[in-house]
Amino acid sequence: MKNFIKIMCACALFLGAVSCGNKNVQLTDGEWRLESMHAQDETFVRMDKNPSIIFSDTSNMVYGYGGCNRYFGTYQKHSGNKISISTLGSTLAMCADIDTEDMFLHILSNAASYKIKGDELVLYDTVDKKIANFTLIKNQ
């Protein structure tokens, strides 16, 4: 009987530990790496250096790496899963992927809503068309 109780206690501890690891991922939980972006019926996938985005949890700032330059701006969460990203600026280095970076920044400024499922963030435009997919790469 004592062994049965020990096994049950061990199972309860294990299940408790597993359920604690399943917290809901939030926009501000870390750095999101771009996996693909969709514009003008085309899909663009990873560049040599993947763009990323970080949503500040202490301000309405958004910043990251565009594939060539560092960028920064503001974001606003609205009711439900609505979002707007604006006032984007960046450093001014010239790179081979500068056109793709410009497209990435343009896509960010067109984001109107988002969904997070597991470690995946998807941005949508105003007509609910998927415009970008990201993967969470670093928890803060």
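Mentor: A residue is called buried under 20% relative accessible area, exposed over 50%, and partly exposed in between, with a 1.4 Å probe and protein chains only. This is a predicted model, in which local features need pLDDT of at least 70 and side-chain atom pairs count only at pLDDT 80 or more, while totals for chains, interfaces and linings use all residues. Residues are numbered from 1 along each chain as its sequence is written, and side-chain values use heavy atoms, with hydrogens and water left out.

Trainee: Why is Asp57 called exposed?

Mentor: Asp57 has 54% relative accessibility, and the limit for exposed is over 50%, so Asp57 counts as exposed. Asp57 lies in the loop between E3 and E4, and its C-alpha atom is separated by 9.6 Å from that of Gln26, although the two residues are 31 apart along the chain.

Trainee: What makes Arg33 and Glu35 a salt bridge?

Mentor: The term asks for a side-chain nitrogen of Lys or Arg within 4 Å of a carboxyl oxygen of Asp or Glu. The closest N and O atoms of Arg33 and Glu35 are 2.7 Å apart, so the pair meets that limit. The structure holds one salt bridge.

Trainee: How do you know whether Arg33 and Glu35 are buried, partly exposed or exposed?

Mentor: Arg33 has a relative accessible area of 25%, so Arg33 is partly exposed, whereas Glu35 is at 19%, which means that Glu35 counts as buried.

Trainee: What makes E4 and E5 a pair of strands?

Mentor: Strands are DSSP runs of E with at least two residues, just as helices are runs of H or I with at least four, and both are numbered from the N terminus. Two strands pair if DSSP finds at least two bridges between them. Strand E4 (residues 61-65) and strand E5 (residues 70-77) have five bridges in the antiparallel sense, so the term applies. Gly64 stands opposite Tyr71 in E5, and the two strands form a hairpin with four residues between them, where Gly67 in the turn has a positive phi of about 110 degrees.

Trainee: How do you know that E5 also pairs with E6?

Mentor: Six bridges join E5 to strand E6 (residues 83-90), and these strands run antiparallel. In E6, Ile83 is the bridge partner of Lys77. This hairpin has five residues between its strands, and Gly80 in the turn has a positive phi of about 65 degrees.

Trainee: Why is a group of residues here called a nonpolar core?

Mentor: A nonpolar core is a set of buried Ala, Val, Leu, Ile, Met, Phe, Trp, Tyr and Cys residues joined through side-chain atoms within 4.5 Å. The largest such core has 25 residues, of which Ile53, Phe55, Leu108, Leu123 and Phe134 touch the most other members. Among the elements that each supply at least two residues of this core are strand E1 (30-39), helix H2 (98-109) and strand E9 (130-139).

Trainee: Which residues is Phe55 in contact with?

Mentor: Contact means heavy atoms within 4.5 Å. Leaving aside neighbours within four places in sequence, the partners of Phe55 include Leu27, Trp32, Tyr75, Ile85 and Leu121.

Trainee: Why is Tyr63 called partly exposed?

Mentor: Tyr63, which lies in strand E4, is at 32% relative accessibility, so Tyr63 falls between the two limits and counts as partly exposed.
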